[in-house]
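User: Please go through the structure shown here with me, one question at a time.

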Amino acid sequence: MSKKVLIIEDNNDIRENVVEILELAGYQVYAANNGKIGVDLAIKNLPDIILCDIMMPELDGYGVLYMLNKSPEAAAIPFIFLTAKAERVDLRKGMEMGADDYLTKPFDDMELLNAIESRLKKRETQQAFYSKSLDNLSTLIAKNDGLAELKKIILERKVRQFKKNQVIYYEGDKGNGLYLLINGSVKTIKLAEDGRELMTGIYGPDTYLGIHAMLANEDYTDTATALEDSLLCLIPKDQLEQLLNMYPVVAREFIKLLSNDIREKEEQLLQLAYHSVRKRMAEAMVRLSRQHVTEGESFKISREDLAAMAGMATETVSRTLSDFKDEGLIDKKGSAITILDINKLAKMKN
């Protein structure tokens, strides 16, 4: 069965040209000359992918994306913005709203087809990762109606890809939901008044970000950034609130996760206040190893991130890592670190 594509574009020449190219390539194409018609076509036909111009009368591309995100079925459809070069400065707004990609006009036939094929393939890959990750969520998924309902909500949401070093949310942003990390790794940081970063957490697959903001109904209290290419799912705040009100067992599980997070941050504060440089570095590396790799495998992290995590200068990080390597505790090649003796690191004294 051929894939369905929706093109929303008010320029007749561009819209007709795109329709012709896609039909020749074997796609089933729907076309709209404004945003309102486009939203109706998307909800009615649920295409496999949507191409949408940004600047349009009546309802612009941002409005289209906003309206589609309110529909559980349409929100999961991959969305590509069509934008003129002068509008590229506004792309961050669209990507933060949930757009998956963009094409800069004018584009040729191959750019168009490659963008669509690439996004459809990525969606299939993401869904495979998604299913595997959800099957492994033993913490929250059990034989219980409320937990099963949580899984159903997650399955209906769109998976977004964040590139390495891309910001997921900023400290002070309105907490609009809960992020589930499907694949990859994410760091959270806070900025001190002098501009230095303090890393408040590193998260791996099957973990949640933004629990505190959600439960306390507050803004995000730190900035989350992808440490590597990562897949995340945003569960909207209103859906979660309904779920928590209906099923106390789900609320209890999130409270447990929040309690564990608070305990880890308390331990981190104690380490920063009382432990030596060597012990802080050892504890940071043990925590990284246990979170992200099996014994004997390497993990990658920059000097800057290690410094933010352990609360020290980057020069101190370099000296301490060199000492650990000379002592046979670790092996280091570039940013890749392999722990050779995790027991000694874990038991290191001041």
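User: Is tyrosine 169 buried or exposed?
Analyst: This is a predicted model, in which local features need pLDDT of at least 70, side-chain atom pairs count only at pLDDT 80 or more, and totals for chains, interfaces and linings use all residues. Residues are numbered from 1 along each chain as its sequence is written, and side-chain values use heavy atoms, with hydrogens and water left out. Buried means under 20% relative accessible area and exposed over 50%, with partly exposed in between (1.4 Å probe, protein chains only). Tyrosine 169 has 5% relative accessibility, so this residue counts as buried.

User: Which kind of aromatic pair do tyrosine 169 and tyrosine 220 form?
Analyst: Rings of Phe, Tyr and Trp (its six-membered ring) pair if their centres lie within 6.5 Å; planes under 30 degrees apart count as stacked, over 60 as edge-to-face and the rest as tilted. For tyrosine 169 and tyrosine 220 the centres are 3.8 Å apart, with 15° between the planes, and the pair is stacked.

User: How many residues apart in sequence are the parts that this pair ties together?
Analyst: Helices (H or I, at least four residues) and strands (E, at least two) are DSSP runs, numbered from the N terminus. Tyrosine 169 lies in strand β7 and tyrosine 220 in the loop between α7 and β12, so the separation of the parts is 51 residues.

User: In which order do the four strands of the open sheet lie?
Analyst: Two strands pair if DSSP finds at least two bridges between them. The pairing is antiparallel, and β6 and β11 are the edge strands, each pairing on one side only. The order is β6-β13-β8-β11.
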